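Please look through the two chains shown below.

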Amino acid sequence: MSTATPATAVARTRAAGRPGSPQPSPALSHKARSRELKNAAARVLVWLAFLVALVPLVWILWSVVSQGYHLLLDSGWWTHSQKGITARRQGGGAVHAIQGTLLQGAVTAAISVPVAVMTAVYLVEYGRGKLARAVSFMVDILTGIPSIVAGLFIYAVWVTTLGFQRVAFAVSLSLVLLMIPTVVRSTEEMLKLVPNELREASYALGVPKWKTIVRVVLPTAFSGIITGILLGLARVMGETAPLLILGPYTKSIATDLFGGYMATLPTMINQDRTESLQPAVDRVWAAALTLILLILVLNLAGRLIARLGSVRK
Amino acid sequence: MAKRIDVSDLNVYYGSFKAVEGVTMTVEPRSVTAFIGPSGCGKSTFLRTLNRMHEVVPGGRVEGKVMLDDEDLYASGVDPVAVRRTVGMVFQRPNPFPTMSIYDNVAAGLKLNGVRGKKALDEVVERSLRGANLWTEVKDRLGKPGAGLSGGQQQRLCIARAIAVQPQVLLMDEPCSALDPISTLAIEDLISELKSTYTIVIVTHNMQQAARVSDRTAFFNLAATGKPGKLVEVDDTQRIFNNPSVKATEDYISGRFG
């Protein structure tokens, strides 16, 4: 077992000693030995903790991949919807749900990103005093809102108060509430990383503050901001609670944001999860794997953009 | 191009803390004026008031007058942004824009202020890089990132960037403190060349440097930590280093200080 190696290695070196070298005095060697033992113990502990943390991760991935992969290999999965397909029957695809998730994610991002990035710019570049503290506090509170509360809030506004139907756009609105705080926080961190010297260099050239932000600060932080946005998006795309409240499932492809139901991967998973018939169970696993893959792709895209856009040396 | 700076009775504050007190001095055009003094005595702070850069620190403000020829930099209605176009600045650590190429770094001041036209920009970039003694080293890689240059080259790039907007005055805040002796020498040579065109003010901790490059030297000191810094005396560099009129100056220069 690999975790034991460092400890045994230490023990071996101790036992053999270095041939030809004089023995250290007892006081010195005693101290060294107790420290090395502690070091070895800490190392074993850290490795164990790492392995323990890895167990659920590998477990989840293994069960989802092993039970879901075969449907993903079928090209119909990526081209067909579930229209007319019952739990008893095999076949059909997830394109309606994939499309819905991507569409709602895109709308969510289109609304959240400008608001969140500008909020972060305000907090880092302009915010002083009471207002800035209030805004920062609000963002903290938003960060802590459970997703089901965001869903219920939008339901109260959209359906109960305004009298509209439960549509995809309402889902996006609730996801906006969840996405804004994470993007504000990540963008803030990235803007804070931009050295003040660069801002001063720009001011010293007679460049106004707003232009310094647009042309120097934001480009310098660009890759980090994009990474934060994609990670935030990946997170909200897996959200389920607001979808259960605001986005009823449908088996057909739907693209209308303001009318009718629109399927998403989380609601597709939820739809069939209580079924005992094998074709439906298979589809649940496959949809789960598809969602994981989708988020994985977003994460990878985020990293790629971060690498391409990172400050060149 | 170069302008004279006349400072009278200037107090500089950060919030309620008085950082510099009662500075009155004249900076001659087409010459190099060096500010020397112990750390925390307010030389950099005072330097930054000459192009209103200290205002970017929250709470930074001044009392008194800074005249650039016959214009008061602190008169109401004066735009700090316009002041900074006239009075350029080079910082302690080289700070080229990391997202920009060498060319774009030099052209940044003009581009960001809306100057268009490739030909005009090409000319300015070449002239500024030549002016900063950097042209021959970088002319074949103008498209490469500015952050890829050595420290000394980066600092000369920053000088090129500062002179590209054709300021009247060039402020340098310890421009060599992050550089090795060879790069320092290159910058000092450059300063001697630039003084025929610009008014140059340089803050330095290196007294040999002040003696080498400057025509006039101002010695700043502070009574104790927490007290405001003061201008002790300003005179010809020769005089300051050989026969200063104040005892504290002599002590500082000869290394007998505190």
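Which residue in β2(B) is the bridge partner of B:Tyr14? The bridge partner is B:Phe17. The model is a predicted one, in which local features need pLDDT of at least 70, side-chain atom pairs count only at pLDDT 80 or more, and totals for chains, interfaces and linings use all residues. Residues are numbered from 1 along each chain as its sequence is written, while chains are lettered from A and ligands numbered from 1 in the order in which they are written.

Strand β1 (residues 5-14) of chain B pairs with β2(B) in the antiparallel sense, over seven bridges. Two strands count as paired if DSSP finds at least two bridges between them. Strands (E, at least two residues) and helices (H or I, at least four residues) are DSSP runs numbered from the N terminus. The hairpin of β1(B) and β2(B) has two residues between the strands, and in this hairpin B:Gly15 takes a positive phi near 60 degrees.

Strand β2 (residues 17-27) of chain B also pairs with strand β10 (residues 229-236) of chain B, in the parallel sense and over two bridges. B:Val20 has B:Gly229 as its bridge partner in β10(B), and B:Glu21 stands opposite B:Lys230 of that strand.

These strands belong to an open sheet of ten strands in chain B, with mixed pairing and the order β5-β4-β1-β2-β10-β9-β3-β8-β7-β6. At its edges stand β5 (71-72) and β6 (87-90) of chain B, each with a single partner strand, so one side of each is left without a neighbour in the sheet. Helix α6 (residues 151-164) of chain B lies across β6 and β7 (169-173) of chain B and runs at about 170 degrees to β6(B). Such angles run from 0 to 180 degrees between N-to-C directions, with axes fitted as lines to C-alpha atoms, for helices over the stretch in contact.

Most residues other than glycine have a negative phi. B:Asp69, in the loop between β4 (60-68) and β5 of chain B, has a positive phi near 55 degrees. B:Glu174, in the loop between β7 and α7 (181-194) of chain B, has a positive phi of about 45 degrees. B:Asp69 is exposed, with 11 other C-beta atoms within 10 Å, whereas B:Glu174 counts as buried, with 21 C-beta neighbours inside 10 Å. The cut-offs are 20 or more other C-beta atoms within 10 Å for buried and 12 or fewer for exposed, with partly exposed in between; C-beta atoms are placed from the backbone.

Chain A has twelve helices and zero strands. Of its 313 residues, 36% are buried. Among contacts in chain A (C-beta atoms, placed from the backbone, within 7 Å) between residues at least 6 apart in sequence, 76% join residues at least 24 apart.

Where the chains meet, 25 residues of chain B are in contact with 19 residues of chain A. On the chain B side, α2 (80-86), β6 and α3 (102-112) each supply at least two residues. The largest share, four residues, comes from α2(B). That side of chain B divides into 14 nonpolar, seven polar and four charged residues. Here Ala, Val, Leu, Ile, Met, Phe, Trp, Tyr, Cys and Pro count as nonpolar, Asp, Glu, Lys and Arg as charged, and the others, Gly among them, as polar.

How values were computed
Two residues are in contact if their C-beta atoms, placed from the backbone, lie within 7 Å.
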